[in-house]
Each structure stands twice: as structure tokens, then as C-alpha cells.
Amino acid sequence: MVNMKKVVYLIALLVLAISVSGCSVKKVQDLSNAEKFSKEFGITKDNPFVYTGIDTIFNAFNSTGLIFFANSDYEGSIKASEYITKVSKKVGVNRIYYYNPKKLEEKNPKKYKKLKKILNDDIKLPGLYAIKDGKIISRNTCFSDEKELSEEYLTKKKIKSIESNYSKVLKYEECSECR
């Protein structure tokens, strides 16, 4: 009988602990875009990224906006998101649409094909695009090559150049050095 009381007591404690701890946990759907992006990419919550769907992306390619194509599974995308966040604060940009086209490729091949056509069959991750009046003004696919992630590559001079190029894209300026 003593063992049964201990079991009931332990179950009651467990239920109490679960119910108390569950009250303070934020659900994923309650997180802001910046908080979701921060969790997914491991960067600051003070970032400009807004999750969006492919139809919004298609609409942006017919108007004006900044789009960041990336995948948090790629180290280059994480690195790019850090630099873009830093530079966006300096230039006053607080909204960049974020979309992961890899999911689209799996779920909707027709729309993926349409996106590839818009981007001239050149979808590189990560990629930051500035679209103005329906035209790609500038893009930067820095960190899409693994060699760009090495410490030897990322000298102070190179970092300054990367930040300068991201700044040009974020300001909707043409960037001959961007690729």
C-alpha cells in the first residue's frame, strides 16, 4: 500500500510540474517573425526578416522589395543572415522577405520552375535580391561558395567589401561587384 501512495504522489507531482512549466512556454505560432528567424538561424532577435509565402515572393518580383533566399541548414545562409542583419541596421532597413526555395522544390515543382525562370535558372543560397518596379536591381549571393566561409577568406578587407556590397543591395543600388 505504501508503494501505491508513492506512485500516486509522484504522478501528482509530475502533473503539477508539467502544468506549471507549460504556462510560461511561448508556442511557435506566438513568436514574431524575428523571433522565429532568430531561433531557426541562431542570430539576434533584432533582425529584419519576415517569413513569407511564394505568392508574396512572386508579387514582390512585380513591385518593389527585398528578398532573402536561404536555408538554415547551410552554414553560408547563417553567415549571410548575420551580415545582412548588421548592415540592415546601419542603412535603416527593417523588412526583408525571407523564403526557403528548397521547400518549394519538394512541394510545388511548378512554382519552383516559375521561380527559376524569374531568376534566370540561377537560384543560389543564400541570395539577397533588391527588386524595384518589377526589376532585379541588384543581388548578392555571397557565402554560396564554401570557400567564402573560411577564416583565411574572411579578412578584414573582405568583410568590409561584403558589408559594402550588402549595403548597396539593401539601398537598391546597382552593384557591379555583387554576383
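**Sheet and helices, a short chat**

Me: Which residue in β4 is the bridge partner of Phe 68?
Reply: Leu 128 is the bridge partner of Phe 68 in β4. Strands here are DSSP runs of E with at least two residues, and helices are runs of H or I with at least four, numbered from the N terminus. This is a predicted model, where local features need pLDDT of at least 70, side-chain atom pairs count only at pLDDT 80 or more, and totals for chains, interfaces and linings use all residues. Residues are numbered from 1 along each chain as its sequence is written, and side-chain values use heavy atoms, with hydrogens and water left out.

Me: How many bridges join β2 to β4?
Reply: Five, between residues 65–69 and residues 127–132, and the two strands run antiparallel. Strands pair if DSSP finds at least two bridges between them.

Me: What's the strand order in the sheet?
Reply: The order is β1-β3-β2-β4-β5, in an open sheet with mixed pairing.

Me: Which strands stand at the edges?
Reply: β1 (49–51) and β5 (135–140); each has a single partner strand, so one side of each has no neighbour in the sheet.

Me: Now helices. Which strands does α4 touch?
Reply: α4 packs on the sheet and touches β1, β2, β3 (96–99) and β4. Contact means heavy atoms within 4.5 Å.

Me: At what angle do α4 and α7 cross?
Reply: Roughly 60°, with the axes of α4 (residues 75–91) and α7 (residues 156–170) coming within 9 Å. Axes are lines fitted to C-alpha atoms, for helices over the stretch in contact, and angles run from 0 to 180 degrees between N-to-C directions.
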